[in-house]
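Hi there,

Here is the structure I promised to pass on to you. Have a look at it first, and then read on for what turned up.

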Amino acid sequence: MWLFYTPDIQDDMQLPEDEAGHCVRVLRMKEGDRIRLTDGKGFFYDAVISAVSGKRCMVHVENIEKQAPLWSGHLHIAVAPTKLMDRNEWFVEKAVEIGVDEITFLKTDHSERDVIKMERIEKIAVSAMKQSQKATLPVLNGMTSLRSFIEHGFDGDRFIAHCETGSKLLLQDAVVSGHNSLVLIGPEGDFSPEEIDMALKAGFKPISLGPSRLRTETAALVAVHIMNLAGQSRE
């Protein structure tokens with residue numbers, strides 16, 4: 001059954017214009033057809049198309065279902081975006097498919113990109129949420145300076161992946177099932193020594209993602225996967 005994103009479904013019994021267009025004009029669905037909706041806030045809605053008029057698609061909700069948690073803890077990845085936007089979009093798509101609660105884009109000393117078009121990022125995240133049959137859309141945060149991000153605080157275990165030498169735990173050995181987890185991933189040029197020192201003084205633990213040197217978007221996705229697996233284990 002087709003899944004449509006309807007963030008305001010509890011107050012407005014119709015599909016948003018872009019979803020209505022896909023439903024009616026592309027899929028050729030009509031009055032009486034059954035569809036499935038999600039508000040991106042944890043709920044699925046079983047519905048029937050009640051009326052189609054121009055660009056409007058009205059629905060009647062027959063059943064509401066809360067999706068059970070797919071992992072434990074709050075999983076947050078904060079990453080300095082790459083220069084090529086398609087790589088950032090690829091990361092967001094795959095991270096949402098795997099499962100993550102929050103994504104933040106960081107402005108760092110060695111950042112290759114200063115601006116992120118969040119409207120495009122949100123559309124990709126919504127598509128990935130629907131494709132992977134999830135009912136919760138991750139929180140998506142635009143460009144934030146690393147300093148202000150660290151100063152904002154985080155209630156949980158905090159990690160930083162960097163390329164400098166020193167003692168580091170593998171992330172899979174550091175993440176604790178059920179705990180809130182935050183991982184910082186730097187740009188292609190890595191975090192600066194000053195940024196690493198700032199994070200360590202703020203309580204972030206240095207971690208490794210393995211022996212291979214990974215591109216930024218790959219490292220971020222590996223971190224998401226490890227956190228997600230830890231959240232699913234021993235439940």
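Let's start with the lining of the second largest pocket, whose residues divide into seven nonpolar, five polar and four charged. Please keep in mind throughout that this is a predicted model. The space in this second largest pocket comes to about 260 Å³. It is lined by 16 residues, and those closest to its centre are Pro69, Leu70, Trp71, Asp101 and Thr136.

What about the largest pocket? About 410 Å³ of space lies there. Its lining has 20 residues, with His162, Cys163, Ser212, Arg213 and Leu214 the closest to the centre. Sorted by class, the lining of the largest pocket holds nine nonpolar, six polar and five charged residues. Strand 11 (205–208) and helix 7 each give at least two residues to that lining.

Helix 7 runs over residues 216–232, and Ile226 is part of it. Is Ile226 buried or exposed? Its relative accessible area is 14%, and because buried means under 20%, Ile226 counts as buried. Leaving aside residues up to four places away in sequence, Ile226 touches Leu171, Gln172 and Leu209.

Next comes helix 6, which spans residues 193–201 and has Glu195, Ile196, Met198 and Ala199 buried. Looking down the axis of helix 6, you will find these buried residues within an arc of 160 degrees, so they line one face of the helix. A handy piece of background is that an α-helix has 3.6 residues a turn, so residues three or four places apart point the same way. On the face of helix 6 turned away from the buried side sit the exposed residues Glu194 and Lys201. What do the buried residues of helix 6 pack against? Their partners are helix 4 (146–152), strand 8 (157–161) and strand 10 (181–185). Just past the end of helix 6, Gly203 has a positive phi of about 105 degrees.

Finally, turn to helix 1 (residues 17–26), where Glu19, Ala20, Gly21, Cys23 and Val24 are the buried residues. The elements that cover them include strand 1 (3–5), strand 3 (43–53), strand 4 (56–66) and helix 3 (118–131). After helix 1 comes Arg28, and its phi is positive too, near 60 degrees.

Enjoy exploring, and write back with any questions!

Best wishes

Technical notes. Residues are numbered from 1 along each chain as its sequence is written. This is a predicted model: local features need pLDDT of at least 70, side-chain atom pairs count only at pLDDT 80 or more; totals for chains, interfaces and linings use all residues. Side-chain values use heavy atoms; hydrogens and water are left out. Buried means under 20% relative accessible area, exposed over 50%, partly exposed in between (1.4 Å probe, protein chains only). Helices (H or I, at least four residues) and strands (E, at least two) are DSSP runs, numbered from the N terminus. Contact means heavy atoms within 4.5 Å. The arc is that of the directions from the helix axis to the C-beta atoms. On a 1 Å grid over the protein atoms alone, a cavity is a set of points where a 1.4 Å probe fits but cannot get out, and a pocket is an open set with protein on both sides within 12 Å along at least five of seven lines; lining residues have an atom within 4 Å of a point. Grid points are joined across faces, edges and corners, and a volume is the space filled by probe spheres set on the points. Ala, Val, Leu, Ile, Met, Phe, Trp, Tyr, Cys and Pro count as nonpolar, Asp, Glu, Lys and Arg as charged, and the others, Gly among them, as polar.
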